[in-house]
Number of protein chains: 2
Amino acid sequence: MTTERAPSASTDEMDLGPWRSFLHAHARLARRMDEDLRAVHALSLQEYETLLHLAEAPGRRLRMGRLADSLLLSKSGVTRLIDRLVDDGLVERTSCASDARGAEASLTGSGLARLRAAAPTHLAGIRDHFYAAIDGDDVPVVERAMHAVAAGLCEPGGICDHQDAAEHPGPAHDQVPARA
Amino acid sequence: MTTERAPSASTDEMDLGPWRSFLHAHARLARRMDEDLRAVHALSLQEYETLLHLAEAPGRRLRMGRLADSLLLSKSGVTRLIDRLVDDGLVERTSCASDARGAEASLTGSGLARLRAAAPTHLAGIRDHFYAAIDGDDVPVVERAMHAVAAGLCEPGGICDHQDAAEHPGPAHDQVPARA
DNA sequence: GGGAGATGGTTGGCGACGCAACGATTCTCC
DNA sequence: GGAGAATCGTTGCGTCGCCAACCATCTCCC
């Protein structure tokens, strides 16, 4: 709120073009990637990304809560997502040795195989629909901008662990489909 | 040059950083904007955007199908979305004069008032979380990139009418909350 | 004019997700 | 050492969206 003068310019006169392009691009892209993945590999984009996160994790397993953070999903959402993957035999639920409250999701051989099979489709989608559309020189700018937007929205009190790489010591990366 | 990337290089070696930043930024942003709007005005982001599209349309009404296209939603999704808005008194359903099959959604006075009340919150969110995070010089680049991505995903056979502005002759724009 | 097909919107059924509430376990601190 | 608070994951319930099937109307063409 605070419709008053904010530190930045007033909200009137704001050019919404960039904002709308951003929304539009994401909506179309996410839909398309999801469709392709479902059609060819019977996996939703969310399921694919879950398998990917697991594959990248040390030991190919992750605590439920951790998964919720990195997938930007609620705890209950992850519980059900893992339920489905367990039903499909792609993931196993194991209890955490060091904390009896905790549960871990661990990738099965079948899950890894499915992930590897689906990876080319997914990566091709990213290449063809995202990178191919953007001028090569613009890519770093887009990354910087997107990173800044995401960072600006991290919980003030939260650690906002910058997901993805940069955290993993490195093991298990050779198991990951990005290179397979 | 610099990290030259063939137009369609192999999917290995692809730097997924920009892609992940993009996903991350959208996920956090959309969630945050939705939360704020709900908390303060009891409107979902989708509902807000629906009201906005109606407000911008000539006569402040739109055919259901048109709405589905511009909101990037399925027909049934729009039917139910409008159902809710009708229940809340923000929108009225009228039948189309020129085509008895058709239905139109038209903004009520109450809907317009609600939209105007919510606009400052929404615009402030865009300003604070999107524009404020991006370097001013990068904004046009982001717009160009996002526009290209979206354009690349338009149905080959479809018209992919780039809705938004550029199409409306101009009327009713003074009724829109962007300036209220 | 009238049937075949296209088009517009609604409905039933379903999947996916969030929130709040709930056990279960661990941590904290006296 | 044990009571109370914090944390972890699951479950009940409500919401939102999609797909397929459906009915109504419009269009085309014989």
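Predicted model: local features only at pLDDT ≥ 70, side-chain atom pairs only at ≥ 80, totals over all residues.
Residues are numbered from 1 along each chain as its sequence is written, while chains are lettered from A and ligands numbered from 1 in the order in which they are written.

Let's begin with chain A. It has six helices and three strands, and if you read along the sequence the pattern goes α-α-β-α-α-β-β-α-α. I'll say buried a few times: that's a residue with 20 or more other C-beta atoms within 10 Å of its own, whereas 12 or fewer makes it exposed and in between is partly exposed, with C-beta atoms placed from the backbone. Of the 180 residues in chain A, 32% are buried. Contacts, for me, are pairs of residues whose C-beta atoms, placed from the backbone, lie within 7 Å. Take the contacts in chain A between residues at least 6 apart in sequence: 56% of them join residues at least 24 apart.

Now the helices. H1(A) covers residues 17-41, and its 25 residues should span 36 Å at 1.5 Å a residue; the end C-alpha atoms are 35 Å apart, which agrees. That expected span, by the way, is 1.5 Å times one less than the number of residues.

How many residues of H2(A) are buried? Nine of the twelve, so this helix is largely enclosed by the rest of the structure. Among them are Tyr48(A), Leu51(A), Leu52(A) and Leu54(A), and also Glu47(A), Glu49(A) and Glu56(A).

On to the sheet. In general, strands of a sheet pair through backbone hydrogen bonds, either parallel or antiparallel. I count two strands as paired if DSSP finds at least two bridges between them. In chain A there's an open sheet of three strands, in the order E1-E3-E2, with antiparallel pairing. Strand E1 (61-63) and strand E2 (91-95) of chain A sit at the edges with a single partner strand each, so one side of each has no neighbour in the sheet. On average, neighbouring strands here are turned by 30 degrees against each other, direction ignored. Axes are lines fitted to C-alpha atoms, for helices over the stretch in contact, and angles run from 0 to 180 degrees between N-to-C directions.

Three bridges join E1(A) to E3(A), residues 103-107, and in that pair Arg61(A) stands opposite Ser106(A). And what packs on this sheet? Helix H2 of chain A, residues 45-56, touches E1, E2 and E3 of chain A, with its direction at about 95 degrees to that of E3(A). H3(A) lies across E1 and E3 of chain A, at about 90 degrees to E1(A).

Over in chain B, three bridges join E1(B) to E3(B), antiparallel, and Leu62(B) has Ala105(B) as its bridge partner. E2(B) and E3(B) also run antiparallel, with five bridges; there Thr94(B) partners Glu104(B).

So where do the two chains meet? The contact takes 48 residues from chain B and 49 from chain A. On the chain B side, H1 (17-41), H5 (109-131) and H6 (139-152) each supply at least two residues. H1(B) gives the most, with 14 residues.

DNA strand C has 22 residues around it, and Ser74(A), Ser76(A), Gly77(A), Ala100(A) and Gly65(B) come nearest. H4 of chain A, plus H3 (64-71) and H4 of chain B, each give two or more residues to that surface. Which element gives the largest share of the surface near DNA strand C? H4(A), with five residues.

DNA strand D is surrounded by 22 residues, the closest being Gly65(A), Ser76(A), Ser74(B), Ser76(B) and Gly77(B).

Technical notes: Near = placed C-beta within 6 Å. Contact = placed C-beta atoms within 7 Å. Helix = DSSP H or I, 4+ residues; strand = E, 2+ residues; numbered from the N terminus.
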